Amino acid sequence: MEAHPLGWAAVLLYCAAEALAVLALLRPKPRLAAAGTFCLAAGLALHFADLQVRARLLGSVPYRALGGSVSLFGWMLAIAYLALQVRHRERAIGPFLIPIIIVSSAIGLLLPSPVSLATEQTRGALFAIHVTFAILAYAAFTFSFVLSVLYLIQNRQIRRGHTGVLFARLPALEVIGRMNRTSVSIGLAVLTFAVAVGL
């Protein structure tokens, strides 16, 4: 099993981002939110560097092995969440999404990555495009799953009339629903393209 020091450093930064996201949800402070975003961005940079090291060892794309695929999935989830922060300034989803990023990244590091010669099928650009878009689709569907859970929690609180701290911090139902539809639409479109390229 490889050491993956860059990958584990990224996981630690993701854990720090999760802790800061939870604190920012309980006590909204701009400094906490900014520190969490910084930790997430730094983790993304180290995670990308780890994927590059994997690619050099494999002599192919880093996700030719299962560990690399799971690691890339975590990286794409983190990219999606960072894009959400930049576009919508929405950080309330972080405490629910970042744990999935941490778990998938850690599992990707723990799984063995056998070094073997790339075959003709796993060396071409079509293979890279197919797998990249397929994993991107899975990341979009995972994002949609998290948004759906938050929608159900928010809806249940409204129906029961018990609105607590979580209700005040989460986005409105309309906003969650709109982001959810966008995630599903992107996931379906990207997965359709990935399947077409795979064929």
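**Figure 1. Overview of the protein chain and its helices.** The protein chain has 7 helices and 0 strands; helices (H or I, at least four residues) and strands (E, at least two) are DSSP runs numbered from the N terminus. The order of elements from the N terminus is α-α-α-α-α-α-α. Of the 199 residues in the chain, 45% are buried (buried means under 20% relative accessible area, exposed over 50%, and partly exposed in between, with a 1.4 Å probe and protein chains only). Residues are numbered from 1 along each chain as its sequence is written, and side-chain values use heavy atoms, with hydrogens and water left out. In this predicted model, local features need pLDDT of at least 70 and side-chain atom pairs count only at pLDDT 80 or more, while totals for chains, interfaces and linings use all residues.

Figure 2. The largest pocket holds about 490 Å³ of space. On a 1 Å grid over the protein atoms alone, a pocket is an open set of points with protein on both sides within 12 Å along at least five of seven lines, whereas a cavity is a set of points where a 1.4 Å probe fits but cannot get out; lining residues have an atom within 4 Å of a point. Points are joined across faces, edges and corners, and a volume is the space filled by probe spheres set on the points. The pocket is lined by 18 residues, of which Ala 80, Phe 143, Thr 182, Ser 183 and Ile 186 are the closest to its centre. At least two lining residues come from each of helix H3 (66–88), helix H5 (125–160) and helix H7 (173–198). H3 gives the most, with 7 residues. The lining has 12 nonpolar, 3 polar and 3 charged residues (Ala, Val, Leu, Ile, Met, Phe, Trp, Tyr, Cys and Pro count as nonpolar, Asp, Glu, Lys and Arg as charged, and the others, Gly among them, as polar).

**Figure 3. The largest cavity and its lining.** The whole structure has 1 cavity of 30 Å³ or more. About 70 Å³ of space lies in the largest cavity. Its lining includes Ala 17, Leu 20, Leu 32, Gly 36, Tyr 81, Gln 85, Arg 91 and Ile 98. Helix H1 (5–26), helix H2 (30–58) and H3 each supply at least two of the lining residues. By class, 8 are nonpolar, 3 polar and 1 charged.

**Figure 4. The salt bridge between Arg 54 and Asp 50.** The structure has 1 salt bridge (a side-chain nitrogen of Lys or Arg within 4 Å of a carboxyl oxygen of Asp or Glu). The closest N and O atoms of Arg 54 and Asp 50 are 3.4 Å apart. The two residues are separated by about one helical turn, because they lie 4 residues apart in helix H2. Arg 54 is buried, at 3% relative accessibility, and Asp 50 is also buried, at 2%.

**Figure 5. The side chain of Thr 142 in helix H5.** Thr 142 has a relative accessibility of 17% and so counts as buried. Its side chain reaches the backbone oxygen of Tyr 138 at 2.8 Å.

**Figure 6. Cys 15 and Cys 39.** A search of the whole structure finds 0 disulfides (a disulfide is a pair of cysteine sulfur atoms within 2.5 Å). Cys 15 is partly exposed, at 35% relative accessibility, whereas Cys 39 is buried, with a relative accessible area of 13%.

Terms used. A polar contact is a pair of N or O atoms within 3.5 Å; within protein, one must be able to donate a hydrogen and the other to accept it, and residues adjacent in sequence count only if both atoms are side-chain atoms.
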